[in-house]
Amino acid sequence: MSKAAITGIHGYVPDYVLTNAELERMVDTNDEWITSRTGIKERHILKGEGMGSSHMGAKAVAGLLEKLNIKPEEVDLLICATTTPDYVFPCTANLICDMVGIRNVGSFDIQAACSGFLYAITVGSQFIETGKYKKVVVVGADKMSAIVDYTDRTTCILFGDGAGAVMLEPNEDGFGILDSIIKSDGVGQNHLFQKAGGSRYPPTHETVEKRWHYVYQDGPSVFKFAVKNMADVSAEIMERNQLRGPDVAWLVPHQANKRIIDATANRMGIEPEKVMLNIHRYGNTTAATIPLCLFDYESQLKKGDNLVLAAFGGGFTWGAAYVKWAY
């Protein structure tokens, strides 16, 4: 049976850079405190009236198609993972398709918070494996600055904006997404969430005054769950594919916190130099972190490399994928 191989990757981050030094002037924090606890030095922020996640996603997709010399009309399906859609509806995937000229194909969003991209490639790979489609674009795009409270020093230091896109195509030579695991547990719903803006608490003067439209995070609880579950699922994907630390060329972890990444690598027996890391440059871009890592490290990847992708997000959601690099 054909597997879904990643045949191309492209990323995009906005020009504006929000440094730790600038945050020091906004809230009671400092560079040493941020760096030591998160590993973040700067993050990119999308500026401009009416600019949303779709604008970054479209940049990533347009760059991907140009890079692969693929025409928009050749694309069979587009899936967008995002926690910060432009609108409640239509979905952000629809908007991205419109911006890049992809017409008359299926497109939809997946919302699994920071695990969104991993969920999306798992879903997208099914369309390839069944033979239904030949070219599936998967995008991770988030404008987290739209829901971050820049008076809350516990959350505003963490998040940035960005997008990344991959092309999935059939491969019968043993390369591609060979296995994946996705999991969730609603026990985490009150530890990391945006309370208002949905059908339960639609926007009102009260919800705005209470600042319910911003992301809320119970840091210690999220950290504890993330360390355990991201490490557990990464170990599980390795065990069921008979992989040991030396067999893995790269760990591609969600970039939420360097201490969580380090704990996951230690559990897997992965050496630090084999861990993709760009949190210092971008912060947590939610659904965009894993594709941005692949984009940044693309020149170092070799055909046949074993990659383990791992993520953890609000809800809680988490998962891992075993990918044999195809080019």
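View 1. The C-alpha centres of domain 1 and domain 2 lie 14 Å apart. Domain 1 runs over residues 3–174 and domain 2 over residues 178–325, with bounds that come from an automatic or database domain assignment. Residues are numbered from 1 along each chain as its sequence is written, and side-chain values use heavy atoms, with hydrogens and water left out. Because this is a predicted model, local features need pLDDT of at least 70 and side-chain atom pairs count only at pLDDT 80 or more, while totals for chains, interfaces and linings use all residues.

**View 2. Here we look at where domain 1 meets domain 2.** How many residues of domain 1 are in contact with domain 2? There are 46, and they touch 45 residues of domain 2; contact means heavy atoms within 4.5 Å. Together the two domains bury about 3700 Å², 65% of it on carbon and sulfur atoms. Buried area is the accessible area (1.4 Å probe) that two parts lose on being put together, summed over both. Between the domains there are also 17 residue pairs in polar contact, both partners at pLDDT 80 or more. On the domain 1 side, β1 (3–12), α2 (31–38), β3 (42–45), α5 (116–129), β6 (136–143) and β7 (161–171) each supply at least two of the touching residues. The top contributor is β1, with 6 residues. Sorted by class, this side of domain 1 has 21 nonpolar, 16 polar and 9 charged residues. A polar contact is a pair of N or O atoms within 3.5 Å; within protein, one must be able to donate a hydrogen and the other to accept it, and residues adjacent in sequence count only if both atoms are side-chain atoms. Ala, Val, Leu, Ile, Met, Phe, Trp, Tyr, Cys and Pro count as nonpolar, Asp, Glu, Lys and Arg as charged, and the others, Gly among them, as polar. Helices (H or I, at least four residues) and strands (E, at least two) are DSSP runs, numbered from the N terminus.

View 3. Side chains of opposite charge can pair when their charged atoms come close. A salt bridge here is a side-chain nitrogen of Lys or Arg within 4 Å of a carboxyl oxygen of Asp or Glu, and by this rule the count comes to 14. Between domain 1 and domain 2 the count is 2. D149 pairs with R211, the closest N and O atoms being 2.9 Å apart. E129 pairs with K3, with 3.8 Å between the closest N and O atoms.

View 4. Which residues does the UniProt annotation "active site" (unreviewed entry) cover? The record names C114, H254 and N284. They span 171 residues in sequence, yet no two of their C-alpha atoms are more than 8.6 Å apart, so they gather at one spot. C114 is found in the loop between β5 and α5. UniProt positions are given in the numbering used here, feature names are shortened, and annotations may be inferred rather than shown by experiment.

View 5. H213 lies in the loop between α6 (205–209) and β10 (215–217). Leaving aside neighbours within four places in sequence, H213 is in contact with residues including I147, Q194 and P203. The side chains of H213 and T207 are joined by a polar contact of 2.8 Å. G197 is 16 residues away from H213 along the chain, and their C-alpha atoms are separated by 6.3 Å.

**View 6. We finish with some backbone details.** Most residues other than glycine have a negative phi, and most peptide bonds are trans. A cis peptide bond joins F89 and P90, with omega about 0°, and P90 lies in the loop between β4 (77–81) and α4 (92–100). Another cis peptide bond joins G315 and F316, with omega about 5°. F316 sits in the loop between β12 (306–313) and β13 (317–324). N104 has a positive phi, near 60°, and lies in the loop between α4 and β5 (106–110).
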